[in-house]
Amino acid sequence: MATTTGRLAAPSVRVRGRSFMALIITPEFPMSEWFAALDAQMRGSPELFAGRPMVADLSDAAVAGPDAALVVLDGLEARGLRIVGVEGVDPRVLARTRWERLATSLHGRDLVQPREAPPQPVAAPPPAPSLLIEETVRSGQVIDFESGDVTIVGAVASGAEVIAGGSIHIYGPLRGRAIAGLRTGEAARIFCRRLEAELVGVARLFRTAENWGPELHGKAVQVRCDRQSLRLSLLD
Amino acid sequence: MSKVVVVTSGKGGVGKTTSSAALGAALAQAGQSVVVVDFDVGLRNLDLVMGAERRVVFDLVNVVQGDAKLPQALIRDKRLETLWLLPASQTRDKEALTEDGVEKVMDGLRARFDWIICDSPAGIEKGATLAMRFADQAVVVTNPEVSSVRDSDRIIGLLDSKTRRAEGGEKLEKQLLLTRYDPARAARGEMMKVEDVLEILAIPLLGIVSESADVLTASNLGFPVTLHNPASPAARAYADAARRLMGEEVTVTTPKEKKAGLFGRLFGKRVAA
């Protein structure tokens, strides 16, 4: 996985460490079947292994004796795989064979990924960053969109709830509840053309209608976080 | 083409049953064949308001559960040939209704009637959701007060999501029937104004029915108000609403406050419309 390269630069020698990605391959018994499966995989996705540095995990093969490890390595090489190192095998097994120069002291961690090569998944379209609702949100309805912003062209009725991961924009009157910033936190805001809401909230802060003055009622208002408190201000 | 209309509100006591009976009768008076279906299983009232309480043998639950045939449960109104009632059961509860059973009943009624008026129970539970489930259009009954308006808003949300039509991607037509409107109190600002209710609910207005003693009297006598006193303002409002349901263009007039002086001067004379 991680290999270290030295780079010679006269007159001083500079040695830098760098992490690289290598594929780990683990041959298992019965070997004939394992190699058949490998051949099938290589036919199916030839670009998966092409030119990639590979490390052979011989811990299974080595159980069968020192010769088995060497046969396996020959088999991998015959298929054009670029073996740059081995693990799970005593370095003495490889001594005085043509494999003795392979790196054996490898430090690395598995990537948090399925070990099996994924069969090139069709890229799913990224989730829509915003949700547009063109009609009125009725009492008792809940619009819960945690992946982004919510825009509502109609009204949000008393007893309705709008919950958004990001900001909320309401072009009709807001008479119910609006809670923004489930994901974006304090960066989120609520904008409404007419504030008649029961409750507004951003991140973990919220305020009910009795906590803002009549001068904001019925007006175009934005709600945002400002130094750990909720601030409501006129838009016009 | 028959139409299934649900009369609904969310809140109780706003006038769903009265309005169902009055609209049904008004449609029948206009020559349409109408059945009014009581979905308020366990708390039935429509039979009383329509004066048929002593003629109930089988009911909606019997038909839904297959214990009776649809024609056995239908009751024809004694005053209007084309007006029918499908009563609810008083001894059962809403759990006795099933979606499949209600659908079969609705299909049977569609084959027979021009209009199927479903009188929904209050609430948003099974009775109310089944009453609206197969509707083609909805009459949302609302009083001009905040709690009723908010409950109606909730019901409109359900009409747009939980009905067969909405689930099929079709729009369900919703119209607002504002009942128990009191012009004097509205003028004094003690009641929500018509414009405010319309602004919040954002659906077209089917009609405005003033709070009136005529409605209560008619209900107690077992008459739909349009039958009992057709000249009363409430009866005229329902008749106009029925004409709008049938697609006629009738302008909605907001009831105005009667001033005492004016009333005194007109006393004994005929009041111009």
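**Entry 1: strand pairing in chain B**

I began with strand 1 of chain B, residues 3-8. It runs parallel to strand 6 of chain B, and 4 bridges join the two. I am working on a predicted model. I picked out one residue, B:Thr8, and looked up its bridge partner in strand 6. The partner is B:Val140.

Next I looked at strand 7 of chain B, residues 173-181. Strand 6 and strand 7 also run parallel, with 6 bridges joining them. Here I followed B:Thr142 into strand 7 and found B:Leu178 as its bridge partner.

Strand 6 of chain B spans residues 137-142. How many of its residues are buried? I found 6 of 6, and the strand counts as mostly covered. I then checked each face. On one side sit B:Gln137, B:Val139 and B:Val141, and they are all buried.

**Entry 2: B:Arg44**

I moved to a loop of chain B, the one between strand 2 (34-38) and helix 2 (46-49). B:Arg44 is placed there. Why does B:Arg44 count as buried? Its relative accessibility is 18%, and the cut-off for buried is under 20%.

I looked for its polar partners. The side chains of B:Arg44 and B:Asp47 are joined by a polar contact of 2.9 Å. A polar atom of the B:Arg44 side chain also lies 3.1 Å from the backbone oxygen of B:Ala88. Leaving out residues up to four places away in sequence, I listed what B:Arg44 touches: B:Asp38, B:Val56, B:Ala88, B:Ser89 and B:Gln90.

**Entry 3: where chain B meets chain A**

Last, I looked at the contact between the two chains. Chain B gives 10 residues and chain A gives 12 residues. The size of an interface is often given as the accessible area lost when the parts come together. For chain B and chain A, the buried area is about 850 Å². Carbon and sulfur atoms give 40% of that area.

I counted 4 salt bridges between chain B and chain A. I looked up the one between the side chains of A:Arg175 and B:Glu199, at 2.5 Å from N to O.

Which helices of chain B each supply at least two residues to the side that touches chain A? They are helix 7 (146-159) and helix 10 (194-201). Helix 7 gives the largest share, 5 residues. I sorted the residues on this side of chain B into 5 nonpolar, 1 polar and 4 charged.

How values were computed. Residues numbered from 1 in each chain as written. Chains lettered and ligands numbered in written order. Predicted model: local features only at pLDDT ≥ 70, side-chain atom pairs only at ≥ 80, totals over all residues. Heavy atoms only, no water. Buried < 20%, exposed > 50% of the residue type's maximum accessible area, 1.4 Å probe, protein only. Pairing = 2+ DSSP bridges. Contact = heavy atoms within 4.5 Å. Buried area = accessible area lost by both parts, 1.4 Å probe. Nonpolar A, V, L, I, M, F, W, Y, C, P; charged D, E, K, R; others polar. Polar contact = N/O pair within 3.5 Å; in protein donor to acceptor, adjacent residues only side chain to side chain.
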